[in-house]
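Student: I'm new to this structure and would like a close look at just one part of it. Could you walk me through the place where the ligand sits?

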Amino acid sequence: MNAASAPSPRGGPFATLLSAARVIPVLTIERREDAVPLARALVAGGVRVLEVTLRTPVAIEAAKAIIAEVPDAIVGIGTILNPNDLARAQALGAKFGISPGGTPELLKAAAASGLPFAPGIATSSDLMQALAHGFDLVKFFPAEQSGGIKALRALAGPFPDMRFCPTGGIGEANAASWLAEPNVVAVGGSWLCPASDVRSGNWNSITAICNRAMKLLKPA
Ligand code: 3PG
């Protein structure tokens, strides 16, 4: 990537989008028919920026359905593992992409694609790879398991301009602590959409979890 097309410092507009959202639900949708009611339940709870992961056979169709039928949702694609996943995300109209990691070929393709993209990092070397491709907003994954807030603070030393979206092991009990870190733009997690509620169609419960999270986590 050349300097002219490099993302603007400190994460740019993508960081602005995520920091307004505060929380990003990580969605693993098993049945196509759950996609729209699930997205509506999240949006009703004030959670509009959604990460639909490419972890199930219906993920692409589910994301397309949400984009078509839930206009208030801002849909990104997660679990992007390679350039082919990235191309599929772009083709369906995803607003952003997120990866748990970052191979050189994926980072290169993402930098060239122009899609707002957060590669995953867990170490300094991962961060250096991401930076070398122009990315200054990354997913810290798996956040709790990789050393938690202490590890994030340690990484902030050599990488003061890096912005993070931690996910992995984050829930209602610890989300506020993560968000209080100055280099954290948003937190991600599956706690906003428990699989049991999705399976039983308990959409009101998901809206209630989101309402609670937004009340707890929105800045005053
Ligand atoms: C992710 O991809 O971000 C994680 O699977 C979410 O982790 P969690 O289930 O611990 O929230």
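Student: To start us off, how far does a polar side-chain atom of Lys 139 lie from an oxygen atom of the ligand?

Tutor: Keep in mind that this is a predicted model. In it, a polar side-chain atom of Lys 139 lies 2.7 Å from an oxygen atom of the ligand. As for how wrapped up the ligand is, on its own it has 310 Å² of accessible area, and the protein covers 80% of that.

Now let's step back to the whole shell. Around the ligand you'll find Val 26, Arg 55, Lys 139, Phe 141, Thr 167, Gly 168, Gly 169, Gly 189 and Ser 190. Sorted by class, that shell has five polar, two nonpolar and two charged residues. The space that the ligand takes up is the largest pocket.

Let's follow Lys 139 into the fold. Strand 7 covers residues 137–140, and Lys 139 is in that strand, standing opposite Gly 120. Strand 7 is joined to strand 6 by two bridges, and the two strands run parallel. In general, strands of a sheet pair through backbone hydrogen bonds, and they can be parallel or antiparallel.

Go back to the shell and pick out Phe 141, which is also one of the residues around the ligand. A cis peptide bond joins Phe 141 to Pro 142, with omega at about -10°. Pro 142 itself lies in the loop between strand 7 and helix 7 (148–156).

One last stop is at Val 26, another member of the shell. Strand 1 spans residues 23–27, and the loop between helix 1 (12–21) and strand 1 holds Arg 22. Phi of Arg 22 is near 70°, a positive value in a residue that isn't glycine.

Terms used: Residues are numbered from 1 along each chain as its sequence is written. Side-chain values use heavy atoms; hydrogens and water are left out. A residue is near a molecule or strand if one of its heavy atoms lies within 4 Å of it. A polar contact is a pair of N or O atoms within 3.5 Å; within protein, one must be able to donate a hydrogen and the other to accept it, and residues adjacent in sequence count only if both atoms are side-chain atoms. Accessible areas come from the Shrake-Rupley method with a 1.4 Å probe; for residues, only the protein chains shown count as cover. On a 1 Å grid over the protein atoms alone, a cavity is a set of points where a 1.4 Å probe fits but cannot get out, and a pocket is an open set with protein on both sides within 12 Å along at least five of seven lines; lining residues have an atom within 4 Å of a point. A molecule sits in a cavity or pocket if more than half of its atoms lie within 2 Å of its grid points. Ala, Val, Leu, Ile, Met, Phe, Trp, Tyr, Cys and Pro count as nonpolar, Asp, Glu, Lys and Arg as charged, and the others, Gly among them, as polar. Two strands pair if DSSP finds at least two bridges between them. Helices (H or I, at least four residues) and strands (E, at least two) are DSSP runs, numbered from the N terminus.
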